[in-house]
Amino acid sequence: MSLPLRIVRILGDRPFAEVGEPVLTVADEGRGLLAVAGAYEYGRTAPVGVYRTGDLACRAVLRARYRVHAIAFHPTAPLLAVGSGAYDGGYVFEGELLLLDLETGTTTPLFEHRYGRQVLGLTWVDEQELRVLMAPPDDGEDRAAWVEGYEAVVRRPDWRAVPPRSLTPRDLVGPRVPTPRPDGREDARRTVSALSTAWDPRRNVRAVEELPDGTVLATLDADEPEAPDRPECPPLADGIRLTHRTPPTSDRGPYERLRVRHGSRPYFREAAKIRGKHWLVAAPEGAKPRRLFPHSWAPGEVHFAGPGAETADGSLVHAGTVYNGHGLQPGGSFVVRREMTDGSPRWVFRTDPVATDLDTDPDTGTAYIAYQDGEIVALDLHGGTPRWRGPLTVAGIPAVPTALTVPAPGRLLIGTSDGRILDCATP
């Protein structure tokens, strides 16, 4: 389903925006294409974008779970092979082999096992054979695991028809060979700089607001590579101001401060359990913290805090996740509207992915939620039912919303993981 949002303007747009900091590039001169892999950041994905070299328009994007080490265009089909991987910190080299279809934009994971193998090199021998260079499965009692690997040639008659997760360990058998680990970052920066001096490796908008004069203020990660010495940058030509000051998430000792928009007072989650529960705490400046009610409304569940907003009647709409020792479970992410008298929920909306930001529009009675998987959801503020939902796209290319605010009725400002801000009209 496509979103019923109309993008009025894009702030912070620039060439190669989708990939952030380039670490690897491969060109297909015959088709006038350039594949650019972006840097992997812990806890996030590594993007790979395919661009037309003539106008630098983005044709397709995929997001790998690990750092990207190899990319290769198929000699004739509209396919890009992508290899990624990492050392798990113990003794295993895990990774993935992905196929990006440039016509449909779909990504196909090929390794049968979820954790796969770390892929370090890819070469198309011909239309049917792909040479895959992989790290050893682990470095246990293998001193050469960091300088050697295994080379396998995988043959398929039609790579566009290869089923997902169909490459088994039998397909990956091959000789042991020397395997260098080159660093392509400097070459990648030179390549994109030669095509455009306007590219800027900005990523991860953490918060976005519109100031009274119409300037849009965007907060970026504090460790962005282009962060200046001073905490704020001057306004850019398209009307946005960037800051690298990240608001503290905890500033009251044992209390974790919650991100609550339109709050009449600061809200906190008590870190330690009191009477067997974590409590939601109100702590106005200069006043003694006061416990309101348990942070989790469900008996036996522990809830981690996410973004929220206070409504006009004083109730609280907030997102969060349910703790599970095996990681986030299906339906373990939620948005809830709670009475401030006793914390009981008026409604609960559950999903699988984690919410990145949330805001409400009292004029239309809508709560807007952005999710890590790229989806935007609009909920009826009174009943919690979806009014509309769908993946965020910019010019047909998927984007990941990381920040969201309602600056005025019928408008949304959406910050993305690639450092852009979308000024949108809502239905």
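Which residues is W159 in contact with, leaving aside its neighbours within four places in sequence? They are H74, L79, L99, L110, W124, E127, Q128, E129, L130 and V154, where contact means heavy atoms within 4.5 Å.

## Basis of the model

This is a predicted model, in which local features need pLDDT of at least 70 and side-chain atom pairs count only at pLDDT 80 or more, while totals for chains, interfaces and linings use all residues. Residues are numbered from 1 along each chain as its sequence is written, and side-chain values use heavy atoms, with hydrogens and water left out.

## Nonpolar cores

W159 belongs to the largest nonpolar core, which has 21 residues. A nonpolar core is a set of buried Ala, Val, Leu, Ile, Met, Phe, Trp, Tyr and Cys residues joined through side-chain atoms within 4.5 Å. Buried means under 20% relative accessible area, exposed over 50%, and partly exposed in between, with a 1.4 Å probe and protein chains only. Together with L97, L122, L130 and V132, W159 touches the most other members of this core.

At least two residues of this core come from each of β6 (68-73), β7 (79-87), β8 (93-101), β10 (119-124), β11 (129-134) and β12 (148-155). Strands here are DSSP runs (E, at least two residues), numbered from the N terminus. Another core, of 20 residues, lies apart from this one and includes V23, L24, L33 and V68.

V377 is part of strand β28, residues 375-380. V377 counts as buried because its relative accessibility is 0%. Not counting residues up to four places away in sequence, V377 touches F349, A367, Y368, I369, Y371, W388 and R389. A355 is 22 residues from V377 along the chain, and their C-alpha atoms are separated by 9.9 Å.

β28 runs antiparallel to β29 (residues 386-391), and 5 bridges join the two strands; pairing requires that DSSP finds at least two bridges. L379 has P386 in β29 as its bridge partner. The hairpin has 5 residues between the strands, and G384 takes a positive phi near 80° there.

## Cysteines

A disulfide is a covalent bond between the sulfur atoms of two cysteines. With a disulfide taken as a pair of cysteine sulfur atoms within 2.5 Å, the structure holds 0 of them. C58 is in no disulfide, and the nearest cysteine sulfur, that of C424, is 18 Å away. C58 is buried, with a relative accessible area of 17%.

C424 is likewise in no disulfide, its nearest cysteine sulfur being that of C58. C424 has a relative accessible area of 1% and is therefore buried.

How values were computed
Helix = DSSP H or I, 4+ residues; strand = E, 2+ residues; numbered from the N terminus.
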